[in-house]
Amino acid sequence: MVSLTAPYVSGFLAFREVPFLLELVQQLREKEPGLMPQVLLVDGNGVLHHRGFGVACHLGVLTDLPCVGVAKKLLQVDGLENNALHKEKIRLLQTRGDSFPLLGDSGTVLGMPTGQPSPSLSQALRSHDRSTRPLYISVGHKMSLEAAVRLTCCCCRFRIPEPVRQADICSREHIRKSLGLPRPPTPRSPTQRPVACPRGDSGESSGEVPSPQRQADRTAPGGRRSTAQCQVG
């Protein structure tokens with residue numbers, strides 16, 4: 001664990017968190033060079049940022065590693081809003097891999113559908129068939145948006161890319177053990193189904209079986225930013 005001394009200031013998160021992440025990458029480079037990642041997935045934004053340079057850009061430049069910004073919420077910048085139009089576009093994302101471009105009021109192209117050549121920077125992506133909430137993928141460093149979206153989608157067993165999800169789970173478990181906190185309740189296995197009452201029985205009907213995505217959401221608590229490495233190739 002680390003002690004954060006820099007205050008939280010919106011838009012300047014990199015100055016609060018990147019020094020510790022940079023130190024971890026440098027330690028890995030010195031002690032285990034064979035385990036150096038090819039790509040960093042960052043729980044945050046890249047160029048989708050008020051100043052066009054979010055935490056994924058910051059970390060990428062300092063480590064000289066390709067970085068992808070993977071945000072759970074839309075950063076409302078350059079006229080982008082989580083309004084009715086945006087929510088309608090989200091509703092139209094039908095299957096895993098579907099996406100739509102993010103275009104700012106300035107006319108700057110901030111996103112594009114996957115596969116179309118353009119100097120694009122970020123887009124909304126439906127990362128899992130069972131998830132109705134998109135991820136917001138943005139270029140961090142040394143990575144095209146098309147490659148960033150494909151890589152992120154390939155890493156998703158659930159809504160959140162598995163490297164980021166596992167980093168979050170492991171970090172919370174480490175904090176729990178370090179502080180001596182009780183273990184959270186274990187969620188019911190997706191294979192365990194409640195026994196339904198026979199027809200004609202006066203008992204209560206069985207409850208709804210949570211989907212695997214809901215199980216994942218319960219298993220992997222969110223809220224704290226995590227950065228994870230992803231080895232490809």
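Contact, as the word is used in this note, means heavy atoms within 4.5 Å. The model is a predicted one, in which local features need pLDDT of at least 70 and side-chain atom pairs count only at pLDDT 80 or more, while totals for chains, interfaces and linings use all residues. Residues are numbered from 1 along each chain as its sequence is written, and side-chain values use heavy atoms, with hydrogens and water left out.

1. Leaving aside its neighbours within four places in sequence, His86 is in contact with Leu74, Glu81, Phe100, Leu102 and Tyr136. His86 belongs to helix 3, residues 84-91, where helices (H or I, at least four residues) and strands (E, at least two) are DSSP runs numbered from the N terminus. With a relative accessibility of 6%, His86 counts as buried; buried means under 20% relative accessible area, exposed over 50%, and partly exposed in between, with a 1.4 Å probe and protein chains only.

2. The nonpolar cores. A nonpolar core is a set of buried Ala, Val, Leu, Ile, Met, Phe, Trp, Tyr and Cys residues joined through side-chain atoms within 4.5 Å. The largest one here has 20 residues, and those with the most contacts inside it are Val39, Leu41, Val68, Leu135, Ile137, Met143 and Leu151. At least two residues of this core are supplied by each of strand 1 (39-42), strand 2 (67-71), strand 5 (135-141) and helix 4 (145-154), and the largest share, 5 residues, comes from helix 4. Another core lies apart from it and has 12 residues, including Val55, Leu59, Leu65 and Cys67. As general background, nonpolar side chains in soluble globular proteins tend to be buried together.

3. Leu65 and its surroundings. Leu65 sits in the loop between helix 2 (55-63) and strand 2, and its relative accessible area of 10% makes it buried. Not counting residues up to four places away in sequence, Leu65 touches Val25, Arg29, Met36, Pro37, Leu40, Gly60 and His141.

4. Asn45 in a loop. Asn45 is placed in the loop between strand 1 and helix 2 and counts as buried at 13% relative accessibility. When residues up to four places away in sequence are not counted, Asn45 touches Gly54, Val55, Ala56, Cys57, Gly69, Ala71, Leu75 and Ser138.

5. The aromatic pair. Rings of Phe, Tyr and Trp (its six-membered ring) pair if their centres lie within 6.5 Å, and planes under 30 degrees apart count as stacked, over 60 as edge-to-face and the rest as tilted. The structure holds 1 aromatic pair. The ring centres of Phe12 and Phe15 are 6.1 Å apart and the planes stand at 40°, so the pair is tilted. Phe12 is partly exposed, at 33% relative accessibility, whereas Phe15 is exposed, at 56% relative accessible area.

6. Salt bridges. A salt bridge is a side-chain nitrogen of Lys or Arg within 4 Å of a carboxyl oxygen of Asp or Glu, and a search of the whole structure finds 9 of them. One of them joins the side chains of Arg157 and Glu162, at 3.6 Å from N to O; Arg157 is exposed, with a relative accessible area of 54%, but Glu162 is buried, at 13% relative accessibility. Another links Arg172 with Asp168, whose closest N and O atoms are 3.3 Å apart. Because they are 4 residues apart in helix 5 (residues 162-179), Arg172 and Asp168 are separated by about one helical turn.

7. Glu173 forms a salt bridge with Arg176, with the closest N and O atoms 2.7 Å apart, and both residues lie in helix 5, 3 residues apart, about one turn of the helix. Glu173 is partly exposed, at 23% relative accessibility, while Arg176 counts as buried, at 13%. Glu173, Arg176, Lys177 and Arg183 are linked in a network of salt bridges.

8. Backbone points to check in the view. Asp78 has a positive phi of about 55° although it is not a glycine, and its place is in the loop between strand 2 and helix 3. Lys142, which is not a glycine either, has a positive phi of about 50° and is found in the loop between strand 5 and helix 4.
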